[in-house]
Amino acid sequence: MSKESEFYDKLRNSLLETTTFPTQYLYKFIIPTSKEKLKEIENIFNNMGAVMNSKPSSNGKYTSLSIYVKMDNPDIIIEKYKEVGKIEGVISL
């Protein structure tokens with residue numbers, strides 16, 4: 001099993017044990033400051049009622065992105081992490 005698979009299995013189990021669904025979930029990402037990358041992430045959460053807050057780093061090179069969105073189960077949460085993870089340079093927190 002890959003480290004990525006192990007990570008997502010642990011996350012899924014943790015969410016099942018500690019969270020009542022549906023729930024408001026908070027995603028946090030660090031992205032290189034780029035309108036294109038921000039737009040890609042916005043598209044992933046499009047039509048989900050997500051509230052997104054961004055804050056540039058002090059030097060402006062990176063942007064912190066917080067996304068609050070109602071999620072129905074842990075599999076959807078993990079699916080979104082995987083979609084965002086395909087965007088080059090994005091760090092999931």
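A: Leu26 counts as partly exposed, because its relative accessibility is 33%. In this predicted model, Leu26 sits in strand β1, which covers residues 23-32. Together with Val51 and Tyr68, Leu26 makes a nonpolar surface patch of about 240 Å².

The aromatic side chains come next. Over the whole structure, a search finds seven aromatic pairs. One of them joins Tyr25 and Tyr27 in an edge-to-face arrangement, with 4.8 Å centre to centre and 75° between the planes. Tyr25 counts as buried because its relative accessibility is 14%, and Tyr27 counts as buried at 0%. Tyr25 also pairs with Tyr81: the ring centres are 6.2 Å apart and the planes stand at 90°, so this pair is edge-to-face. Tyr25 belongs to strand β1 and Tyr81 to helix α3 (residues 74-85), so the pair ties together parts that are 56 residues apart in sequence. Tyr81 has a relative accessible area of 8%, which is under the 20% cut-off, so Tyr81 is buried. Tyr25, Tyr27 and Tyr81 belong to one aromatic cluster with Phe29 and Phe45.

Lys37 lies in helix α2, residues 35-44. Leaving aside residues up to four places away in sequence, Lys37 touches Pro32, Ile87 and Glu88. Lys37 is buried but has no salt bridge.

Conventions
Residues numbered from 1 in each chain as written. Predicted model: local features only at pLDDT ≥ 70, side-chain atom pairs only at ≥ 80, totals over all residues. Heavy atoms only, no water. Patch = residues over 30% accessible without salt bridge, like charges linked within 9 Å, V, L, I, M, F, W, Y side chains within 5 Å. Areas by Shrake-Rupley, 256 points an atom, 1.4 Å probe, with all protein chains shown as cover. Salt bridge = Lys/Arg side-chain N within 4 Å of Asp/Glu carboxyl O. Helix = DSSP H or I, 4+ residues; strand = E, 2+ residues; numbered from the N terminus. Buried < 20%, exposed > 50% of the residue type's maximum accessible area, 1.4 Å probe, protein only. Lys, Arg positive; Asp, Glu negative; His and termini not counted. Contact = heavy atoms within 4.5 Å. Phe/Tyr/Trp six-rings, centres within 6.5 Å; stacked < 30°, edge-to-face > 60°.
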